[in-house]
Amino acid sequence: MKTIYLDNNATTQVAPEVLEEMLPYLRDYYGNPSSMHTFGGQLHRKVEEARAKVAHLIGAEPEEIIFTSSGTESDNTAIMSAVESFPQKRHIITTRVEHPAVLNFCKHLARRGYRITFLTVNSKGQLNIDELLKAIDDNTALVTIMYANNEVGNIFPISEIGNMLKERRILFHTDAVQVVGKIPIDTKKLPVEMLSLSGHKVHAPKGVGVLYVRKGTRFYPYVIGGHQERGRRAGTENVASIIGLGKACEIAAKNITQESLSLAHLRDKLEKALMHKCPDVRINGDVTSRLPNTTNLSFEYVEGEAILLRLNEYGVCASSGSACTSGSLEPSHVLRAMGVPFTAIHGSIRFSLSRYNSEAEVDRVIEIMPDIIKSLRQLSPFGREKLGESVTSP
Ligand code: PLP
């Protein structure tokens, strides 16, 4: 059975061109880019080429790119750099819908005496800019707000927010892990001082990320040791993965506008058909400002996990808004922050597409989903009631 992979916000397939580009650097060219000999020096040049490619995709200068181990490390580093650079300031502003890489790091700082403001969102997952402005005070070291949400795909008004923060001379970081490679970003125009991205969301391997730091921004390293990355991130470089990320960014830069349109076309086709064919479905998120590849749908009166298991039987991979950890259903913090009713949270499914999905795959999901939902609703008392069937045992 062929896998239909619609879970690209979780991770993406490594592009074949990326793998090809990486292989020699795993097999043959294993030197250390910091070494004095030619063998090492060659690798240093390749890392710098990759840096230039990543920089090009986001309109940055190569020296503004710091390679890290992940999106998580980039997020942690940005926050830690702000608090270390401005030790007298002990307040951070973020949102309730961030990825745990930001959310849990902020909670960790809260336990160490920092004051954290977690901004609320409305039922569509939109921020209230007035709430943000009111939260700022002389103690604010950093505002960190994600560019787009991984669960519902909402894109936040980063330019608008950044311009307001610039007037107030407040440091601004954005987690753009879900945005880079999906929609164009130009850091020359985007008023942010720091921006995070992750390799495995852009068809590069896992275990490589980037923190963009605008020239002139005060910076304090988080991983301390050797002099790598101009003293801004210690540790021998993950050369092959960095080279892979460079290639992935080069490919994304060439096709981004066209790809974004075709992803939106496929996503909209899937969403419209499921809304039409399955009763009692709602879209979670802001349909006026969303990533082109993401749809988050709530199927009332069914458990998302049950839908995932049934989809899995057909080889279809997606995600649900409730993660089953150690036997307990933990509902999504994003959908909870949006005030989505519990029944709808438990029946939520995220489909996230990539350039490797075809129209035939989307058609297949449209074909199987109505029966899956109907049969699961027949198993639940609420669902049977909705389907107009008796819920009392004979
Ligand atoms: N930020 C967002 C918005 C994400 O979606 C993810 C991964 O899902 C991360 C950060 C973490 O990235 P990584 O898996 O590279 O640590």
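Let's start in a loop: Gly235 sits between helix H7 (228-231) and helix H8 (239-277). Helices here are DSSP runs of H or I with at least four residues, strands are runs of E with at least two, and both are numbered from the N terminus. The model is a predicted one, in which local features need pLDDT of at least 70 and side-chain atom pairs count only at pLDDT 80 or more, while totals for chains, interfaces and linings use all residues. Residues are numbered from 1 along each chain as its sequence is written, and side-chain values use heavy atoms, with hydrogens and water left out.

Gly235 counts as partly exposed because its relative accessibility is 30%. The scale is simple: buried is under 20% relative accessible area, exposed is over 50%, and partly exposed is in between, using a 1.4 Å probe and protein chains only. Between the C-alpha atoms of Gly235 and Ala176 there are 24 Å, and the two residues are 59 apart along the chain.

**Around the ligand**

Which residues come nearest to the ligand? Of the 13 around it, they are Thr72, Asp175, Gln178, Ser198 and Lys201; a residue counts as near if one of its heavy atoms lies within 4 Å. Helix H3 (residues 71-85) provides the largest share of this shell, three residues. Sorted by class, the shell holds two nonpolar, eight polar and three charged residues. In this sorting, Ala, Val, Leu, Ile, Met, Phe, Trp, Tyr, Cys and Pro are nonpolar, Asp, Glu, Lys and Arg are charged, and the others, Gly among them, are polar.

Lys201 has a side-chain N or O atom 2.5 Å from an oxygen atom of the ligand. Asp175 places a polar side-chain atom 2.6 Å from a ligand nitrogen atom. Gly71 takes part through its backbone, with an N or O atom 2.8 Å from an oxygen atom of the ligand. Taken alone, the ligand exposes 390 Å², and the protein buries 87% of that; these areas come from the Shrake-Rupley method with a 1.4 Å probe, and for residues only the protein chains shown count as cover.

**Pocket and cavities**

Rolling a probe the size of a water molecule over the atoms shows where empty space is left. On a 1 Å grid over the protein atoms alone, a cavity is a set of points where a 1.4 Å probe fits but cannot get out; a pocket is an open set with protein on both sides within 12 Å along at least five of seven lines, and lining residues have an atom within 4 Å of a point. Points are joined across faces, edges and corners, and a volume is the space filled by probe spheres set on them. By this rule there are two cavities of 30 Å³ or more.

| Space | Volume | Lining by class |
|---|---|---|
| Largest pocket | about 470 Å³ | 10 nonpolar, four polar, 12 charged residues |
| Largest cavity | about 140 Å³ | six nonpolar, six polar, four charged residues |
| Second largest cavity | about 40 Å³ | two nonpolar, one polar, five charged residues |

The largest pocket has 26 lining residues, and Leu165, Arg169, Ile170, Leu171 and Glu193 lie nearest its centre. Strand S5 (140-144) and helix H6 (158-167) each supply at least two residues of that lining, and H6 gives the most, with three.

In the largest cavity, 16 residues form the lining, and those nearest the centre are Gly181, Lys182, Lys201, His203 and Glu259.

The lining of the second largest cavity includes Glu21, Lys46, Ile243 and Lys247. Both helix H2 (38-57) and H8 supply at least two residues to it, and H2 has the largest share, with four.

**Loop residues to look at**

Arg169 occupies the loop between H6 and strand S6 (172-175). It has a positive phi of about 55° although it is not a glycine, and it is exposed because its relative accessible area is 75%. Asp280, in the loop between H8 and strand S9 (281-283), also has a positive phi of about 55° without being a glycine. Its relative accessible area of 36% makes Asp280 partly exposed.

How values were computed:
Polar contact = N/O pair within 3.5 Å; in protein donor to acceptor, adjacent residues only side chain to side chain.
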